[in-house]
Amino acid sequence: PAKLLPISKKLPANSPRRNYELLAVIAHEGDSLNNGHYIAYTKRFETTNTKQNTNTNSNWLCFNDDKVIPCSEKCVLSRNAYLLFYSQQQQQQQQQ
């Protein structure tokens with residue numbers, strides 16, 4: 001559900017169909033934007049150094065001040081999102 005956003009539904013009919021993948025979320029906790037705390041969540045990307053340590057249930061990371069902890073996609077989607085970051089998918093990935 002959070003992996004691809006079919007943005008083409010919001011564009012004119014003659015626009016190319018494109019999907020966007022959710023990569024990061026900035027969430028706010030507190031009474032107002034002037035009072036509270038911001039937390040960042042980012043999708044974990046596998047590299048040759050992290051492949052062996054990747055847990056499929058924690059494919060996201062939570063950055064809260066000086067703490068970085070693994071978290072699930074469900075955890076990220078349950079937060080009060082303030083800012084979302086998406087990446088446009090390549091054409092061949094969209095057809096899968």
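Biologist: Why is Y82 called partly exposed?

Modeller: Its relative accessible area is 48%. Buried means under 20%, exposed means over 50%, and partly exposed lies in between (1.4 Å probe, protein chains only). So Y82 counts as partly exposed. This is a predicted model: local features need pLDDT of at least 70, side-chain atom pairs count only at pLDDT 80 or more, and totals for chains, interfaces and linings use all residues. Residues are numbered from 1 along each chain as its sequence is written, and side-chain values use heavy atoms, without hydrogens and water.

Biologist: How do you know that V25 is buried?

Modeller: V25 has a relative accessible area of 3%. The limit for buried is under 20%, so V25 is buried.

Biologist: Where does V25 lie?

Modeller: V25 lies in strand β2, residues 19–32. Strands (E, at least two residues) and helices (H or I, at least four) are DSSP runs, numbered from the N terminus.

Biologist: What is V25 in contact with, leaving aside its neighbours within four places in sequence?

Modeller: I39, A40, Y41, V76, A81, L83 and L84. Contact means heavy atoms within 4.5 Å.

Biologist: What makes up the largest nonpolar core?

Modeller: That core has 10 residues in all, including V25, I39, Y41 and V76. A nonpolar core is a set of buried Ala, Val, Leu, Ile, Met, Phe, Trp, Tyr and Cys residues joined through side-chain atoms within 4.5 Å.

Biologist: Which strand gives the most to this core?

Modeller: β2, with 3 residues.

Biologist: How far apart are V25 and F85?

Modeller: They are 60 residues apart in sequence and 6.2 Å apart in space, C-alpha to C-alpha.
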